[in-house]
Amino acid sequence: MAAGGGRLRVQRIALGPLGALEALAARVHAEPHAFALGGDARGSVTRNDWGLAWLDSGRAATAGRSVLAVGRAVELRRGSVLIDARAALDALRARTDEQLPSPLGLIGWFGYELRDETMGAPVPSVPDAHRASWMLVDSALVVDHATGLAELVAVGKDDDVADWVARMRAAIDAVEPAAGEDARDERRGVTAEAAEPARTARTAGMVRWRDTDEHYAELVRQCLAAIREGDAYQLCLTTQATVETVDDPVTLYRRVRASSPAHHGALITLGGVSLVSASPETFLTVRDGVVTTRPIKGTRRRDSDSERDAALARELAADEKERAENLMIVDLMRNDLQRVCAIGSVTVTGLHEVESYRHVHQLVSTVSGRLRPGLDALDAVEATFPAGSMTGAPKRRAVELLSTFEAAPRGIYSGAFGMLGASGDADLAMVIRSIVVADGVATVGAGGGITALSVPEREVAEMHVKAAALLAALGVDEAARGADAPASRVI
(Lines give C-alpha, C1' and ligand atoms only; values in the text may rest on other atoms or scores of the structure.)
Protein backbone atom coordinates (compact mmCIF):
# COMPACT_ATOMS: atom_id res chain seq x y z
CA MET A 1 0.00 0.00 0.00
CA ALA A 2 1.10 3.54 -0.53
CA ALA A 3 3.05 4.94 2.36
CA GLY A 4 1.84 7.98 4.25
CA GLY A 5 3.47 11.39 4.10
CA GLY A 6 3.36 13.78 1.14
CA ARG A 7 0.58 14.25 -1.40
CA LEU A 8 0.11 11.29 -3.69
CA ARG A 9 -1.11 11.10 -7.28
CA VAL A 10 -4.08 9.15 -8.62
CA GLN A 11 -2.99 7.16 -11.65
CA ARG A 12 -5.02 5.24 -14.24
CA ILE A 13 -3.29 2.88 -16.67
CA ALA A 14 -5.22 1.48 -19.65
CA LEU A 15 -4.67 -2.22 -20.34
CA GLY A 16 -7.04 -2.97 -23.22
CA PRO A 17 -9.04 -6.21 -23.37
CA LEU A 18 -8.52 -8.76 -20.60
CA GLY A 19 -9.50 -12.33 -21.43
CA ALA A 20 -8.30 -14.38 -18.48
CA LEU A 21 -10.00 -12.76 -15.50
CA GLU A 22 -10.72 -16.03 -13.72
CA ALA A 23 -7.16 -17.28 -14.07
CA LEU A 24 -5.79 -13.91 -12.91
CA ALA A 25 -8.08 -13.92 -9.87
CA ALA A 26 -6.84 -17.40 -8.93
CA ARG A 27 -3.22 -16.26 -9.16
CA VAL A 28 -3.78 -13.14 -7.06
CA HIS A 29 -5.89 -15.01 -4.51
CA ALA A 30 -3.03 -17.44 -3.89
CA GLU A 31 -0.65 -14.61 -2.89
CA PRO A 32 -2.58 -11.38 -2.30
CA HIS A 33 0.30 -9.70 -0.46
CA ALA A 34 2.49 -10.17 -3.56
CA PHE A 35 0.15 -7.94 -5.58
CA ALA A 36 -0.31 -5.14 -3.05
CA LEU A 37 0.77 -1.58 -3.73
CA GLY A 38 3.87 -0.27 -2.01
CA GLY A 39 6.58 -1.43 0.35
CA ASP A 40 4.21 -3.06 2.88
CA ALA A 41 3.78 -5.94 0.46
CA ARG A 42 7.37 -6.95 1.06
CA GLY A 43 7.32 -6.40 4.82
CA SER A 44 7.08 -8.94 7.60
CA VAL A 45 3.30 -9.40 7.60
CA THR A 46 1.19 -12.52 7.74
CA ARG A 47 -0.97 -13.66 4.84
CA ASN A 48 -4.17 -13.00 6.78
CA ASP A 49 -3.26 -9.32 7.03
CA TRP A 50 -4.15 -9.11 3.35
CA GLY A 51 -7.44 -9.68 1.62
CA LEU A 52 -8.61 -10.21 -1.92
CA ALA A 53 -11.82 -8.95 -3.47
CA TRP A 54 -13.29 -9.96 -6.80
CA LEU A 55 -16.51 -8.00 -7.28
CA ASP A 56 -18.12 -9.34 -10.39
CA SER A 57 -20.97 -8.62 -12.81
CA GLY A 58 -21.09 -12.23 -13.95
CA ARG A 59 -20.07 -14.36 -16.89
CA ALA A 60 -20.77 -12.92 -20.33
CA ALA A 61 -21.80 -9.59 -18.76
CA THR A 62 -22.36 -6.74 -21.23
CA ALA A 63 -22.90 -4.08 -18.57
CA GLY A 64 -21.45 -3.22 -15.19
CA ARG A 65 -17.89 -3.95 -14.22
CA SER A 66 -15.67 -6.40 -12.41
CA VAL A 67 -13.09 -5.32 -9.83
CA LEU A 68 -10.05 -7.29 -8.69
CA ALA A 69 -8.23 -5.80 -5.72
CA VAL A 70 -6.08 -6.66 -2.74
CA GLY A 71 -5.88 -4.64 0.44
CA ARG A 72 -4.80 -4.55 4.04
CA ALA A 73 -7.40 -5.47 6.66
CA VAL A 74 -8.82 -2.48 8.55
CA GLU A 75 -8.86 -2.72 12.34
CA LEU A 76 -12.47 -2.49 13.43
CA ARG A 77 -13.26 -2.19 17.12
CA ARG A 78 -16.34 -3.92 18.45
CA GLY A 79 -18.96 -1.27 19.03
CA SER A 80 -17.21 1.22 16.73
CA VAL A 81 -17.24 -0.50 13.34
CA LEU A 82 -18.90 2.33 11.44
CA ILE A 83 -16.75 4.93 13.18
CA ASP A 84 -13.55 3.04 12.31
CA ALA A 85 -14.67 2.48 8.72
CA ARG A 86 -15.26 6.20 8.29
CA ALA A 87 -11.84 6.97 9.81
CA ALA A 88 -10.17 4.60 7.33
CA LEU A 89 -11.89 6.34 4.41
CA ASP A 90 -10.90 9.76 5.73
CA ALA A 91 -7.26 8.63 6.06
CA LEU A 92 -7.24 7.41 2.45
CA ARG A 93 -8.70 10.69 1.20
CA ALA A 94 -6.05 12.61 3.13
CA ARG A 95 -3.30 11.01 1.02
CA THR A 96 -4.12 13.09 -2.06
CA ASP A 97 -5.66 16.36 -3.18
CA GLU A 98 -7.33 14.59 -6.11
CA GLN A 99 -10.74 12.96 -6.26
CA LEU A 100 -10.34 9.25 -5.64
CA PRO A 101 -12.14 7.16 -8.26
CA SER A 102 -14.23 4.13 -7.40
CA PRO A 103 -13.39 1.41 -6.35
CA LEU A 104 -10.62 2.93 -4.22
CA GLY A 105 -11.85 2.91 -0.63
CA LEU A 106 -13.10 -0.06 1.37
CA ILE A 107 -14.27 -3.48 0.21
CA GLY A 108 -15.73 -6.08 2.56
CA TRP A 109 -18.88 -6.99 4.45
CA PHE A 110 -21.16 -6.20 7.37
CA GLY A 111 -22.54 -9.25 9.17
CA TYR A 112 -26.11 -9.48 10.43
CA GLU A 113 -25.01 -9.16 14.07
CA LEU A 114 -23.81 -5.61 13.40
CA ARG A 115 -27.41 -4.74 14.22
CA ASP A 116 -26.21 -4.24 17.79
CA GLU A 117 -24.60 -1.02 16.56
CA THR A 118 -27.26 0.07 14.06
CA MET A 119 -30.33 -0.86 16.13
CA GLY A 120 -29.01 -1.15 19.67
CA ALA A 121 -30.29 -4.72 19.71
CA PRO A 122 -28.74 -7.51 21.78
CA VAL A 123 -26.98 -10.10 19.62
CA PRO A 124 -25.44 -13.55 20.12
CA SER A 125 -21.67 -13.84 20.12
CA VAL A 126 -19.93 -14.22 16.76
CA PRO A 127 -16.29 -13.92 15.72
CA ASP A 128 -15.30 -10.35 14.95
CA ALA A 129 -14.61 -11.26 11.31
CA HIS A 130 -18.24 -12.36 10.95
CA ARG A 131 -19.56 -9.09 12.42
CA ALA A 132 -17.66 -6.97 9.92
CA SER A 133 -14.51 -7.26 7.80
CA TRP A 134 -13.22 -4.56 5.47
CA MET A 135 -9.96 -3.99 3.67
CA LEU A 136 -8.44 -0.72 2.50
CA VAL A 137 -8.07 -0.63 -1.28
CA ASP A 138 -5.63 1.85 -2.78
CA SER A 139 -5.12 -0.03 -6.06
CA ALA A 140 -7.36 -2.17 -8.25
CA LEU A 141 -7.90 -3.68 -11.65
CA VAL A 142 -11.25 -2.68 -13.18
CA VAL A 143 -12.94 -4.31 -16.19
CA ASP A 144 -15.71 -2.37 -17.94
CA HIS A 145 -18.02 -5.01 -19.39
CA ALA A 146 -19.71 -2.54 -21.71
CA THR A 147 -16.43 -2.01 -23.58
CA GLY A 148 -14.50 -5.13 -22.59
CA LEU A 149 -11.56 -2.92 -21.61
CA ALA A 150 -9.53 -3.10 -18.40
CA GLU A 151 -7.53 -0.51 -16.51
CA LEU A 152 -5.39 -0.28 -13.40
CA VAL A 153 -6.28 2.42 -10.86
CA ALA A 154 -4.07 3.43 -7.92
CA VAL A 155 -3.15 6.22 -5.55
CA GLY A 156 0.46 6.12 -4.39
CA LYS A 157 4.04 7.19 -4.92
CA ASP A 158 5.15 7.06 -8.54
CA ASP A 159 7.80 4.40 -7.90
CA ASP A 160 5.40 2.22 -5.94
CA VAL A 161 2.71 2.47 -8.61
CA ALA A 162 5.20 1.67 -11.37
CA ASP A 163 6.39 -1.40 -9.46
CA TRP A 164 2.79 -2.54 -8.85
CA VAL A 165 1.84 -2.04 -12.51
CA ALA A 166 4.84 -4.13 -13.57
CA ARG A 167 3.83 -6.96 -11.23
CA MET A 168 0.23 -6.86 -12.45
CA ARG A 169 1.31 -6.86 -16.11
CA ALA A 170 3.58 -9.83 -15.45
CA ALA A 171 0.73 -11.71 -13.78
CA ILE A 172 -1.60 -10.95 -16.71
CA ASP A 173 1.04 -12.13 -19.20
CA ALA A 174 1.49 -15.35 -17.20
CA VAL A 175 -2.22 -16.24 -17.39
CA GLU A 176 -2.80 -15.17 -20.99
CA PRO A 177 -2.60 -18.79 -22.26
CA ALA A 178 -5.83 -19.37 -20.29
CA ALA A 179 -7.56 -16.44 -22.01
CA GLY A 180 -8.95 -18.51 -24.88
CA GLU A 181 -10.46 -21.08 -22.56
CA ASP A 182 -11.93 -18.41 -20.27
CA ALA A 183 -13.40 -16.57 -23.25
CA ARG A 184 -15.07 -19.71 -24.57
CA ASP A 185 -16.55 -20.33 -21.13
CA GLU A 186 -17.71 -16.72 -20.91
CA ARG A 187 -19.51 -16.98 -24.26
CA ARG A 188 -21.16 -20.27 -23.30
CA GLY A 189 -21.98 -18.98 -19.83
CA VAL A 190 -21.37 -22.45 -18.41
CA THR A 191 -18.50 -24.79 -17.62
CA ALA A 192 -18.23 -28.50 -17.00
CA GLU A 193 -18.03 -27.73 -13.30
CA ALA A 194 -21.29 -25.80 -13.48
CA ALA A 195 -23.03 -28.51 -15.47
CA GLU A 196 -22.03 -31.25 -13.05
CA PRO A 197 -21.09 -29.51 -9.79
CA ALA A 198 -21.72 -32.55 -7.59
CA ARG A 199 -19.20 -34.53 -9.61
CA THR A 200 -16.51 -31.84 -9.68
CA ALA A 201 -16.87 -30.48 -6.13
CA ARG A 202 -14.68 -32.07 -3.50
CA THR A 203 -16.52 -32.38 -0.22
CA ALA A 204 -15.19 -34.06 2.89
CA GLY A 205 -18.52 -34.62 4.64
CA MET A 206 -22.30 -34.63 4.45
CA VAL A 207 -24.53 -31.60 4.84
CA ARG A 208 -25.54 -30.78 8.41
CA TRP A 209 -28.57 -28.58 9.02
CA ARG A 210 -28.80 -26.46 12.13
CA ASP A 211 -32.51 -27.28 12.37
CA THR A 212 -34.21 -30.56 11.56
CA ASP A 213 -37.13 -30.29 9.16
CA GLU A 214 -39.51 -30.94 12.05
CA HIS A 215 -38.00 -28.17 14.14
CA TYR A 216 -38.00 -25.70 11.25
CA ALA A 217 -41.68 -26.42 10.66
CA GLU A 218 -42.35 -25.74 14.34
CA LEU A 219 -40.50 -22.41 14.02
CA VAL A 220 -42.76 -21.53 11.10
CA ARG A 221 -45.77 -22.26 13.33
CA GLN A 222 -44.34 -19.95 15.99
CA CYS A 223 -43.95 -17.22 13.36
CA LEU A 224 -47.57 -17.75 12.29
CA ALA A 225 -48.73 -17.46 15.90
CA ALA A 226 -46.85 -14.17 16.30
CA ILE A 227 -48.41 -12.85 13.09
CA ARG A 228 -51.92 -13.86 14.24
CA GLU A 229 -51.31 -12.08 17.55
CA GLY A 230 -50.40 -8.89 15.69
CA ASP A 231 -46.72 -8.84 16.67
CA ALA A 232 -45.57 -8.75 13.03
CA TYR A 233 -46.87 -8.70 9.47
CA GLN A 234 -44.00 -10.68 7.98
CA LEU A 235 -41.05 -12.60 9.46
CA CYS A 236 -38.00 -13.70 7.51
CA LEU A 237 -37.14 -17.00 9.18
CA THR A 238 -33.75 -18.53 8.35
CA THR A 239 -31.56 -21.52 9.09
CA GLN A 240 -28.14 -22.73 7.98
CA ALA A 241 -26.45 -25.78 6.52
CA THR A 242 -22.76 -26.63 6.88
CA VAL A 243 -20.56 -28.82 4.70
CA GLU A 244 -16.91 -29.69 5.15
CA THR A 245 -15.08 -28.82 1.95
CA VAL A 246 -11.56 -29.03 0.55
CA ASP A 247 -12.29 -26.87 -2.49
CA ASP A 248 -10.40 -23.61 -2.55
CA PRO A 249 -12.59 -20.46 -2.62
CA VAL A 250 -11.63 -19.50 -6.18
CA THR A 251 -12.69 -22.88 -7.55
CA LEU A 252 -15.92 -22.67 -5.59
CA TYR A 253 -16.67 -19.16 -6.83
CA ARG A 254 -15.92 -20.09 -10.44
CA ARG A 255 -18.46 -22.88 -10.10
CA VAL A 256 -21.10 -20.59 -8.58
CA ARG A 257 -20.32 -17.85 -11.10
CA ALA A 258 -20.92 -20.23 -13.98
CA SER A 259 -24.13 -21.80 -12.66
CA SER A 260 -25.78 -18.70 -11.12
CA PRO A 261 -24.60 -15.47 -12.77
CA ALA A 262 -25.71 -12.32 -10.97
CA HIS A 263 -24.99 -8.60 -11.16
CA HIS A 264 -23.52 -8.70 -7.63
CA GLY A 265 -21.31 -11.75 -7.76
CA ALA A 266 -18.34 -11.71 -5.42
CA LEU A 267 -15.42 -13.56 -3.95
CA ILE A 268 -14.00 -11.75 -0.92
CA THR A 269 -11.36 -13.40 1.26
CA LEU A 270 -10.31 -11.57 4.38
CA GLY A 271 -9.00 -12.68 7.76
CA GLY A 272 -9.15 -16.36 6.84
CA VAL A 273 -12.84 -16.15 5.85
CA SER A 274 -14.16 -16.27 2.28
CA LEU A 275 -17.52 -15.00 1.05
CA VAL A 276 -18.71 -16.52 -2.22
CA SER A 277 -21.84 -14.83 -3.53
CA ALA A 278 -24.19 -14.70 -6.49
CA SER A 279 -26.47 -12.08 -5.00
CA PRO A 280 -29.28 -10.62 -7.13
CA GLU A 281 -30.33 -8.05 -4.53
CA THR A 282 -28.99 -4.51 -4.17
CA PHE A 283 -28.97 -3.30 -0.57
CA LEU A 284 -27.72 0.27 -1.08
CA THR A 285 -26.07 2.30 -3.78
CA VAL A 286 -24.95 5.89 -3.36
CA ARG A 287 -24.20 8.04 -6.40
CA ASP A 288 -23.76 11.83 -6.23
CA GLY A 289 -25.62 12.01 -2.93
CA VAL A 290 -28.58 9.89 -4.08
CA VAL A 291 -29.12 6.68 -2.12
CA THR A 292 -31.06 3.80 -3.67
CA THR A 293 -32.26 0.44 -2.38
CA ARG A 294 -33.85 -2.35 -4.45
CA PRO A 295 -35.57 -4.91 -2.20
CA ILE A 296 -36.60 -8.29 -3.60
CA LYS A 297 -39.72 -10.08 -2.45
CA GLY A 298 -41.45 -12.53 -4.76
CA THR A 299 -40.02 -15.17 -7.09
CA ARG A 300 -41.08 -17.64 -9.75
CA ARG A 301 -38.98 -20.35 -11.32
CA ARG A 302 -37.85 -20.08 -14.96
CA ASP A 303 -39.15 -22.52 -17.55
CA SER A 304 -37.35 -23.87 -20.61
CA ASP A 305 -40.48 -23.30 -22.70
CA SER A 306 -40.63 -19.61 -23.63
CA GLU A 307 -44.42 -19.37 -23.46
CA ARG A 308 -44.63 -21.02 -20.03
CA ASP A 309 -41.70 -18.90 -18.89
CA ALA A 310 -43.47 -15.70 -19.92
CA ALA A 311 -46.65 -16.91 -18.21
CA LEU A 312 -44.75 -17.44 -14.95
CA ALA A 313 -43.39 -13.89 -15.14
CA ARG A 314 -46.89 -12.51 -15.68
CA GLU A 315 -48.21 -14.63 -12.82
CA LEU A 316 -45.56 -13.19 -10.50
CA ALA A 317 -46.33 -9.62 -11.52
CA ALA A 318 -50.05 -10.12 -10.83
CA ASP A 319 -49.87 -12.18 -7.62
CA GLU A 320 -51.62 -10.14 -4.90
CA LYS A 321 -49.85 -11.90 -2.03
CA GLU A 322 -46.38 -11.37 -3.56
CA ARG A 323 -47.17 -7.74 -4.34
CA ALA A 324 -48.37 -7.13 -0.79
CA GLU A 325 -45.27 -8.82 0.68
CA ASN A 326 -43.04 -6.71 -1.54
CA LEU A 327 -44.93 -3.54 -0.63
CA MET A 328 -44.43 -4.17 3.11
CA ILE A 329 -40.65 -4.09 2.64
CA VAL A 330 -40.85 -1.09 0.30
CA ASP A 331 -42.67 0.85 3.03
CA LEU A 332 -40.14 -0.28 5.64
CA MET A 333 -37.14 0.79 3.53
CA ARG A 334 -38.85 4.05 2.60
CA ASN A 335 -39.29 4.87 6.27
CA ASP A 336 -35.68 3.93 7.04
CA LEU A 337 -34.33 6.16 4.28
CA GLN A 338 -36.40 9.12 5.50
CA ARG A 339 -34.19 9.13 8.60
CA VAL A 340 -31.19 10.30 6.53
CA CYS A 341 -32.71 11.85 3.41
CA ALA A 342 -33.96 15.35 2.66
CA ILE A 343 -37.63 15.89 3.41
CA GLY A 344 -39.77 15.01 0.42
CA SER A 345 -36.92 13.41 -1.54
CA VAL A 346 -37.69 9.75 -0.80
CA THR A 347 -39.68 8.28 -3.66
CA VAL A 348 -40.57 4.86 -5.02
CA THR A 349 -39.09 4.97 -8.51
CA GLY A 350 -39.94 1.38 -9.43
CA LEU A 351 -42.66 -0.82 -7.97
CA HIS A 352 -43.28 -4.54 -8.53
CA GLU A 353 -40.97 -4.88 -11.53
CA VAL A 354 -40.09 -8.37 -12.75
CA GLU A 355 -36.38 -9.10 -13.26
CA SER A 356 -35.34 -12.39 -14.85
CA TYR A 357 -32.23 -14.37 -13.94
CA ARG A 358 -31.02 -17.76 -15.14
CA HIS A 359 -33.06 -19.75 -12.62
CA VAL A 360 -35.79 -17.38 -11.43
CA HIS A 361 -38.01 -14.39 -12.11
CA GLN A 362 -38.00 -11.94 -9.21
CA LEU A 363 -40.26 -9.11 -8.08
CA VAL A 364 -38.15 -6.03 -7.40
CA SER A 365 -38.95 -2.49 -6.29
CA THR A 366 -36.75 0.60 -6.13
CA VAL A 367 -36.71 3.34 -3.49
CA SER A 368 -34.45 6.40 -3.75
CA GLY A 369 -33.78 9.58 -1.81
CA ARG A 370 -31.24 12.40 -1.57
CA LEU A 371 -29.01 12.29 1.50
CA ARG A 372 -29.15 15.37 3.69
CA PRO A 373 -26.07 17.62 3.55
CA GLY A 374 -23.25 16.25 5.67
CA LEU A 375 -24.48 12.65 5.58
CA ASP A 376 -22.88 9.82 3.61
CA ALA A 377 -23.18 6.15 2.73
CA LEU A 378 -22.24 5.01 6.23
CA ASP A 379 -25.06 7.12 7.66
CA ALA A 380 -27.41 5.37 5.24
CA VAL A 381 -26.10 1.98 6.40
CA GLU A 382 -26.67 2.93 10.01
CA ALA A 383 -30.25 3.97 9.25
CA THR A 384 -31.24 0.92 7.19
CA PHE A 385 -29.18 -2.05 8.39
CA PRO A 386 -30.11 -4.84 8.54
CA ALA A 387 -32.26 -4.66 5.42
CA GLY A 388 -35.96 -5.18 5.88
CA SER A 389 -36.07 -7.93 3.26
CA MET A 390 -34.11 -10.15 5.68
CA THR A 391 -35.97 -9.20 8.87
CA GLY A 392 -39.63 -8.60 8.19
CA ALA A 393 -41.99 -5.91 9.36
CA PRO A 394 -42.14 -4.03 11.61
CA LYS A 395 -38.37 -4.34 11.72
CA ARG A 396 -37.52 -3.98 15.39
CA ARG A 397 -40.17 -6.42 16.59
CA ALA A 398 -39.35 -8.81 13.74
CA VAL A 399 -35.69 -8.83 14.74
CA GLU A 400 -36.60 -9.53 18.36
CA LEU A 401 -38.91 -12.41 17.46
CA LEU A 402 -36.48 -13.97 14.99
CA SER A 403 -33.65 -13.79 17.50
CA THR A 404 -35.78 -15.85 19.89
CA PHE A 405 -37.01 -18.32 17.28
CA GLU A 406 -33.67 -18.93 15.52
CA ALA A 407 -31.65 -18.90 18.77
CA ALA A 408 -28.39 -18.71 16.82
CA PRO A 409 -26.34 -16.06 15.01
CA ARG A 410 -26.68 -15.59 11.26
CA GLY A 411 -23.14 -14.29 10.90
CA ILE A 412 -22.29 -12.85 7.49
CA TYR A 413 -25.48 -14.25 5.93
CA SER A 414 -28.31 -11.68 5.81
CA GLY A 415 -25.77 -8.85 6.03
CA ALA A 416 -24.36 -6.77 3.18
CA PHE A 417 -21.15 -6.76 1.14
CA GLY A 418 -19.49 -4.62 -1.47
CA MET A 419 -17.69 -1.32 -1.84
CA LEU A 420 -17.61 1.90 0.17
CA GLY A 421 -15.79 4.36 -2.04
CA ALA A 422 -13.52 7.13 -0.83
CA SER A 423 -15.28 9.20 -3.51
CA GLY A 424 -18.49 8.99 -1.49
CA ASP A 425 -20.07 6.43 -3.80
CA ALA A 426 -21.11 3.04 -2.47
CA ASP A 427 -22.39 -0.22 -3.91
CA LEU A 428 -23.62 -2.80 -1.38
CA ALA A 429 -25.48 -6.04 -2.05
CA MET A 430 -27.39 -8.37 0.23
CA VAL A 431 -25.56 -11.47 1.48
CA ILE A 432 -28.03 -13.94 0.02
CA ARG A 433 -27.41 -16.81 -2.43
CA SER A 434 -24.03 -16.99 -0.73
CA ILE A 435 -21.54 -19.41 0.80
CA VAL A 436 -19.23 -18.53 3.69
CA VAL A 437 -16.06 -20.63 3.97
CA ALA A 438 -13.89 -20.67 7.10
CA ASP A 439 -11.57 -23.34 8.52
CA GLY A 440 -12.57 -25.87 5.87
CA VAL A 441 -16.28 -25.55 6.57
CA ALA A 442 -18.77 -24.01 4.12
CA THR A 443 -21.96 -22.47 5.49
CA VAL A 444 -25.09 -21.81 3.44
CA GLY A 445 -27.96 -19.72 4.80
CA ALA A 446 -31.53 -20.21 3.60
CA GLY A 447 -35.01 -19.40 4.74
CA GLY A 448 -38.24 -17.73 3.77
CA GLY A 449 -40.61 -14.88 4.34
CA ILE A 450 -43.38 -16.12 6.61
CA THR A 451 -46.80 -14.50 6.21
CA ALA A 452 -50.27 -15.34 7.47
CA LEU A 453 -50.81 -17.65 4.47
CA SER A 454 -47.64 -19.71 4.94
CA VAL A 455 -47.92 -23.51 5.26
CA PRO A 456 -45.15 -24.98 7.49
CA GLU A 457 -44.50 -28.11 5.41
CA ARG A 458 -44.25 -26.12 2.20
CA GLU A 459 -41.91 -23.62 3.86
CA VAL A 460 -39.61 -26.51 4.84
CA ALA A 461 -39.55 -27.81 1.28
CA GLU A 462 -39.03 -24.32 -0.09
CA MET A 463 -36.08 -23.70 2.22
CA HIS A 464 -34.33 -26.80 0.82
CA VAL A 465 -34.99 -25.66 -2.74
CA LYS A 466 -33.39 -22.30 -2.00
CA ALA A 467 -30.23 -23.91 -0.71
CA ALA A 468 -30.02 -26.54 -3.44
CA ALA A 469 -27.95 -24.65 -6.05
CA LEU A 470 -25.32 -23.52 -3.55
CA LEU A 471 -25.11 -26.95 -1.93
CA ALA A 472 -24.78 -28.47 -5.40
CA ALA A 473 -21.73 -26.27 -5.93
CA LEU A 474 -20.36 -27.93 -2.80
CA GLY A 475 -21.10 -31.41 -4.11
CA VAL A 476 -24.33 -31.99 -2.15
CA ASP A 477 -27.55 -32.99 -3.91
CA GLU A 478 -30.40 -31.37 -2.01
CA ALA A 479 -32.64 -30.60 -4.97
CA ALA A 480 -34.77 -33.72 -4.70
CA ARG A 481 -35.80 -32.92 -1.13
CA GLY A 482 -37.59 -29.73 -2.12
CA ALA A 483 -38.82 -30.70 -5.55
CA ASP A 484 -42.46 -30.01 -4.62
CA ALA A 485 -41.81 -26.64 -2.99
CA PRO A 486 -43.45 -23.52 -4.43
CA ALA A 487 -41.19 -21.21 -6.39
CA SER A 488 -42.27 -18.04 -4.60
CA ARG A 489 -40.65 -16.08 -1.79
CA VAL A 490 -37.10 -17.15 -2.56
CA ILE A 491 -34.46 -15.42 -0.40
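Is Leu327 buried, partly exposed or exposed? At 36% relative accessibility, Leu327 is partly exposed. The views below come from a predicted model.

**View 1. Leu327 and a nonpolar surface patch.** Leu327 sits in helix H12, which covers residues 320–337. Together with Val348 and Leu351, Leu327 makes up a nonpolar patch on the surface. The accessible area of Leu327, Val348 and Leu351 together is about 220 Å².

**View 2. Gly424 in the loop between strands S18 and S19.** Strand S18 spans residues 416–421 and strand S19 spans residues 426–430, with Gly424 in the loop between them. Gly424 has a relative accessible area of 31% and is therefore partly exposed.

**View 3. Gly424 and residues elsewhere in the sequence.** When neighbours within four places in sequence are left aside, Gly424 is in contact with Val286 and Ala377. Gly289 is 135 residues from Gly424 in sequence. In space, the C-alpha atoms of Gly424 and Gly289 are 7.9 Å apart.

**View 4. Confidence along the chain, with residues 1–5 and 40–45.** The chain has a mean pLDDT of 88, and 88% of its residues reach 70 or more. For residues 1–5 the pLDDT is below 50, and this stretch has 19 contacts in the model beyond near neighbours in sequence. The pLDDT is also below 50 over residues 40–45, a stretch with 11 contacts in the model beyond near neighbours in sequence.

Key
Residues are numbered from 1 along each chain as its sequence is written. This is a predicted model: local features need pLDDT of at least 70, side-chain atom pairs count only at pLDDT 80 or more; totals for chains, interfaces and linings use all residues. Side-chain values use heavy atoms; hydrogens and water are left out. Helices (H or I, at least four residues) and strands (E, at least two) are DSSP runs, numbered from the N terminus. Buried means under 20% relative accessible area, exposed over 50%, partly exposed in between (1.4 Å probe, protein chains only). Contact means heavy atoms within 4.5 Å. Patches are made of residues with over 30% relative accessible area and no salt bridge: like charges are joined within 9 Å, nonpolar side chains (Val, Leu, Ile, Met, Phe, Trp, Tyr) within 5 Å. Accessible areas come from the Shrake-Rupley method with a 1.4 Å probe; for residues, only the protein chains shown count as cover. A salt bridge is a side-chain nitrogen of Lys or Arg within 4 Å of a carboxyl oxygen of Asp or Glu. pLDDT is the predictor's confidence in each residue, from 0 to 100.
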